[in-house]
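Visitor: I would like to go through this model and ask what stands behind the words used for it.
Guide: Go ahead, one term at a time.

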Amino acid sequence: MQNKWKVIAERFGQMLITLWIIATILFFIFRLMPGNPLVAYIDPTFTEEQQQALMQQFGLDKPLHVQYFVFLKNLVQGELGDSFFFRDSVTNVIAKVLPNTLYLMIFALIIAYTIGILGGILLAWHRGEKIETLGIILTLFTRAAPQFWVGMILLAVFSFQFNIFPSGGASAAGQVFNSEFDKLTSISFYYHLFLPALTLSIYLLGLPLLLMRSNMLDIMNEAYVDMAKMRGLGKFRVMFKYAARNAFLPVVTAMAVGVGYAMGGNVIIETVFSWPGLGRLLVKAVSTSDYPLAQGAFILIAAVMVFMNFMADIIYSLLDPRVTLESRR
Amino acid sequence: MALLSVNDLKVFYETKKGVSRAVDGISFNLKEGESIGLVGESGCGKSTTVKGIVRVMDKNAFSPGGEVKFSNKDILKLTEDELNQLRWRDIAMIPQAAMDSLNPVYTVKNQFLEVMLLKGGLSKNEALNKAENLFKLVGLNPQMLNYYSHQFSGGMKQRAVIALALALDPKIIIADEPVTALDVIVQHQILKEIKDLRKRLGLAMIMITHDISVVAQTCDNIAVMYAGKIVEKGSSIQILKNAFHPYTMGLENAFPNLNEPEKELISIEGAPPSLINPPAGCRFAPRCPFAEEICFKEEPDLEELELGHFSACIYHNNLDQLRSKAKEVETWQKINI
């Protein structure tokens with residue numbers, strides 16, 4: 001047990017190193033981009049002196065390595081610079097929209113992985129029957145359908161045609177939430193969340209469903225499943241405790257990857273549904289050449305992904321006694 | 001009266017190429033406390049037979065006929081719920097692959113308690129006590145109940161699944177190649193263990209194996225299977241001393257014999273036939289060194305040639321001559337396959 005905590009601490013250290021490498025790459029990518037990072041900020045009518053003063057203000061007159069260490073120091077302190085576009089600190093700008101993205105992602109992941117896992121079990125159990133063929137065709141369809149298209153179809157049907165759900169945003173016009181708690185306890189918020197979360201979960205659904213199904217088919221050939229049947233334990237116990245419990249393990253890993261998909265998917269879905277989240281912010285940052293904001297958003301997305309992988313590692317070792325964190329180093 | 005009586009049992013597999021007649025009408029009886037060995041090569045339907053008896057069959061398997069009587073109930077006619085009542089309480093199993101026959105993500109204890117609480121109606125304490133005693137009985141440290149199956153060695157795992165098979169005091173134990181995956185020393189220990197337990201607990205047993213020397217050690221009776229049929233059955237002594245069927249003679253040649261340690265091992269050329277379109281006549285004829293023309297046309301019935309000793313072969317007389325010929329290497333090399 002003592003050892004376990006040591007390994008987790010070690011893993012955590014590795015995670016920090018990964019993040020440092022990502023931050024470094026991002027730092028240089030943005031510095032290597034053509035043009036002056038202040039292009040978007042500097043008005044053409046500014047005088048040479050004014051431009052120099054601005055460069056100084058943003059620290060861009062210093063040598064690159066000095067800039068890099070300043071950047072790292074600020075990053076450790078949670079300081080990501082100022083957004084050119086919003087004229088506010090990047091941390092503030094991101095903090096305002098990040099919860100929305102997380103809600104969207106978490107709800108979509110829960111829906112997709114619940115339905116995906118149960119659907120995969122069902123399809124595997126009904127191997128060779130009509131329901132399996134139908135289920136697979138449907139799943140491949142959802143997997144192949146582009147998210148923006150699914151989003152637009154859902155909008156066209158449920159919002160514009162039948163007017164059941166709002167067409168965009170995270171709250172009704174004029175509605176202001178005083179806190180995240182207010183938001184999460186407001187029906188209107190879920191009402192707005194529904195379509196984007198549905199779109200994202202349709203996109204995410206295929207991976208866990210197909211993975212669960214093929215794992216189940218493998219596991220159902222295992223001797224311990226037959227032996228459980230021989231023990232007369234009953235259909236559902238065999239199906240869940242013996243087959244599904246084991247088939248589920250690789251899906252945990254897939255879920256960490258799924259977070260990556262969800263983050264990527266967010267950029268498109270948030271744009272389609274005007275969802276005030278990180279993805280939409282990123283699009284805005286890139287389109288307005290708001291380098292500090294884009295850099296901050298990228299770092300945050302990378303941090304979420306790295307963290308989810310770290311969590312998946314730990315969860316996996318808790319779920320499968322054969323896997324110890326120690327031996328996977 | 002027989003405890004278990006299998007009459008004309010058939011288990012077929014639906015495959016893409018057609019129906020495979022894996023078990024094609026086999027019959028045998030098992031009395032209380034008695035043991036029978038099902039012997040034959042891989043793919044001759046031994047495992048399918050026992051799967052058919054407890055009705056844990058693959059999805060594409062079906063049983064077009066036959067009767068499996070256990071204490072006056074026809075198992076083939078029971079509903080799934082009634083079957084689950086009977087499974088493990090009356091008929092338990094020591095599986096072929098003990099390696100993977102325990103759920104890897106739960107402790108062994110969990111799986112013992114599960115079956116004892118759900119099916120044995122024991123309290124948790126009683127179950128735990130019993131599990132510990134069973135572990136002692138098979139020579140394992142009761143502490144090991146808390147382990148996961150991957151923490152056991154092969155021999156320990158085999159002992160653990162034997163203990164698990166005894167969890168509900170079954171009347172019949174089916175042992176499907178219980179020692180095949182183990183090294184010879186452990187094999188010997190486990191076989192001895194099974195034999196002792198059977199005597200102490202008065203268990204009836206069906207032992208499946210391809211190794212005729214294993215049944216010689218453990219079984220009262222032997223049924224030799226070939227290509228989905230029983231070709232010879234009788235008491236172990238009858239069969240090991242006076243084999244009637246050429247296939248049995250061939251099998252005996254293929255395994256070392258303690259009485260003739262110098263003897264060269266002779267294999268039977270070829271492989272069992274496809275069971276989708278089995279050859280007309282005797283199914284062993286194409287590999288049989290003594291096959292006559294008639295063997296390829298007519299299928300011989302299983303006939304009782306001496307009391308309790310059946311054989312499905314055209315040769316009823318001069319079997320001593322056949323047996324001595326069957327011991328020669330040249331005899332088995334003549335067959336063209």
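Visitor: Among contacts in chain A between residues at least 6 apart in sequence, what percentage join residues at least 24 apart?
Guide: In chain A that share is 71%. Bear in mind that this is a predicted model. For chain B, residues 24 or more positions apart account for 64% of the contacts with a separation of 6 or more.

Visitor: What secondary structure does chain A have?
Guide: Chain A comes to 13 helices and 0 strands. Its C-alpha trace spans about 85 × 60 × 35 Å along the principal axes. Of its 329 residues, 33% count as buried; the cut-off for that word is 20 or more other C-beta atoms within 10 Å of the residue's own.

Visitor: Why are α11(A) and α13(A) called roughly antiparallel?
Guide: Helix α11 (residues 249–272) and helix α13 (residues 291–319) of chain A pack at an angle of about 170°, with their axes 9 Å apart. Angles over 145 degrees count as roughly antiparallel, and therefore α11(A) and α13(A) get that description.

Visitor: Which residues make the contact of α11(A) with α13(A)?
Guide: From α11(A) they include A:Leu249, A:Val252, A:Val259 and A:Met263, and from α13(A) they include A:Ile301, A:Met308, A:Ala312 and A:Leu319. By class, the residues of this contact divide into 14 nonpolar, 3 polar and no charged.

Visitor: How many residues of chain A are in contact with chain B?
Guide: 18 residues of chain A are in contact with 22 residues of chain B. On the chain A side, α9 (223–230) and α10 (235–247) each supply at least two residues. α9(A) gives the most, with 6 residues. The side of chain A that touches chain B has 7 nonpolar, 3 polar and 8 charged residues.

Visitor: What makes the radius of gyration of chain B agree with that of a compact globule?
Guide: A compact globule of 337 residues would have a radius of gyration near 20 Å, and chain B has 21 Å, which agrees. The C-alpha trace of chain B spans about 65 × 45 × 40 Å along its principal axes. Of its residues, 44% count as buried. Chain B has 11 helices and 12 strands.

Visitor: Why do β2 and β5 of chain B count as edge strands?
Guide: The open sheet concerned has 4 strands in the order β2-β1-β4-β5 (chain B), with antiparallel pairing. β2 (18–31) and β5 (73–74) of chain B each have a single partner strand, so one side of each is left without a neighbour in the sheet.

Visitor: How do you know that β1(B) and β2(B) pair?
Guide: Two strands pair if there are at least two bridges between them, and strand β1 (residues 2–15) of chain B has 10 bridges to β2(B). The two run antiparallel. B:Ser5 stands opposite B:Asn29 in β2(B).

Visitor: What makes β3(B) largely enclosed by the rest of the structure?
Guide: 5 of the 5 residues of strand β3 (residues 35–39) of chain B are buried, so the strand is largely enclosed. B:Ser35, B:Gly37 and B:Val39 point one way from β3(B), B:Ile36 and B:Leu38 point the other way, and all are buried.

Visitor: Which strands pair with β3(B) in the parallel sense?
Guide: One is strand β8 (residues 204–209) of chain B, joined to β3(B) by 5 bridges. There the bridge partner of B:Leu38 is B:Ile208. Another is strand β9 (residues 221–226) of chain B, which pairs with β3(B) over 4 bridges. In β9(B), B:Ile222 stands opposite B:Gly37.

Visitor: Why does B:Leu203 count as buried?
Guide: B:Leu203 has 21 C-beta neighbours inside 10 Å. The cut-off is 20 or more, so B:Leu203 counts as buried. Its place is in the loop between α6 (184–201) and β8 of chain B. Not counting residues up to four places away in sequence, B:Leu203 touches B:Gly33, B:Ile173, B:Leu197 and B:Arg198. The C-alpha atoms of B:Leu203 and B:Lys31 are separated by 9.9 Å, although the two residues are 172 apart along the chain.

Conventions: Residues numbered from 1 in each chain as written. Chains lettered and ligands numbered in written order. Predicted model: local features only at pLDDT ≥ 70, side-chain atom pairs only at ≥ 80, totals over all residues. Rg over C-alpha atoms; globule rule 2.2 N^0.38 Å. Buried ≥ 20, exposed ≤ 12 C-beta atoms within 10 Å, placed from the backbone. Contact = placed C-beta atoms within 7 Å. Nonpolar A, V, L, I, M, F, W, Y, C, P; charged D, E, K, R; others polar. Axes fitted to C-alpha atoms, helices over the stretch in contact; angles between N-to-C directions. Parallel < 35°, antiparallel > 145°, perpendicular 65-115°, else oblique.
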